[in-house]
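Subject: Structure handover

Dear colleague,

Please find the structure below, followed by some notes on what was found in it.

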Amino acid sequence: MPDYQAIPSPNIWDHPDIYEIENRGVDPDGLIWDAMRSVRSFDGARVLDVGCGTGFHLPELARTAESVIGVEPHEPLVRTAQARVRGIRNVDVRLGGAEMLPVEEHSVDVMHNRWAYFFGGGCEPGLEELDRVMAPDGVAFVVDNDASRSTFGRWFREAWPTYDLVSVERFWERQGWSKIPVLMRWKFETRADFEAVVGIEFDRHHAEQILASHEGVEVDYAVWVRWKKY
């Protein structure tokens with residue numbers, strides 16, 4: 001049994017096939033990658049992907065990195081990620097959590113994280129682990145929702161009215177993180193794919209409202225690319 005407490009993530013844990021569709025539809029223009037690379041290149045770096053899920057981003061990270069370690073707390077997703085990267089020599093996928101990373105001290109040049117664990121207050125143990133594993137001059141990236149703007153941001157606020165935007169931003173400022181605003185898109189091949197993804201990201205009531213009021217297969221979606229240099 002793992003010696004950490006995994007925090008359930010119902011969208012990908014319960015619906016990995018639909019989440020794969022979602023991953024393919026996120027940011028088709030590569031604006032998130034551009035924002036991260038404007039701060040720190042992945043070329044030749046020792047990269048850690050925390051909360052790597054099914055390993056969707058591992059091949060892209062491995063394309064120019066020296067080495068990539070994917071860490072995921074949910075065993076079924078670990079097995080999927082391992083199968084995805086089988087044959088890619090510079091990638092290793094390990095079972096583990098953000099609060100107890102299975103990597104050596106000061107061994108990571110770039111940490112990559114998207115919509116996993118690092119959501120604000122309560123993630124302090126994971127931030128302490130980053131202090132342990134990040135190398136001098138290393139950079140950590142956390143991609144999270146910017147619920148203050150965009151159509152998706154409005155959907156998010158309506159679905160989670162208790163989400164405190166101000167408190168979340170103040171938390172990251174106190175922790176010494178910078179941020180880059182990115183306005184990207186969700187874009188899917190079919191309306192059925194769009195509807196399926198909305199259905200795993202929102203409860204039934206809000207999903208029905210969204211789908212009744214929004215046509216097509218794409219939506220504007222604002223995120224923060226948060227980053228910190230060590």
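A residue is called buried under 20% relative accessible area, exposed over 50% and partly exposed in between, with a 1.4 Å probe and protein chains only. This is a predicted model, in which local features need pLDDT of at least 70 and side-chain atom pairs count only at pLDDT 80 or more, while totals for chains, interfaces and linings use all residues. Residues are numbered from 1 along each chain as its sequence is written, and side-chain values use heavy atoms, without hydrogens and water.

Helices (H or I, at least four residues) and strands (E, at least two) are DSSP runs, numbered from the N terminus. In helix 8 (residues 165-174), Val168, Glu169, Phe171 and Trp172 are the buried residues. They lie on the same side of helix 8, because they cover an arc of only 155° around the axis, the arc being that of the directions from the helix axis to the C-beta atoms. On the other side of helix 8, the exposed residues are Arg170, Glu173 and Arg174. The buried residues pack against helix 6 (124-133), strand 5 (134-145), strand 6 (178-187) and strand 7 (218-229), where contact means heavy atoms within 4.5 Å.

Strand 5 also holds Phe141, which counts as buried at 0% relative accessibility. Leaving aside neighbours within four places in sequence, Phe141 is in contact with residues including Met36, Val110, Trp177 and Trp227. Asn113, also in contact with Phe141, is 28 residues away along the chain, yet the C-alpha atoms of the two are separated by 6.1 Å.

Kind regards
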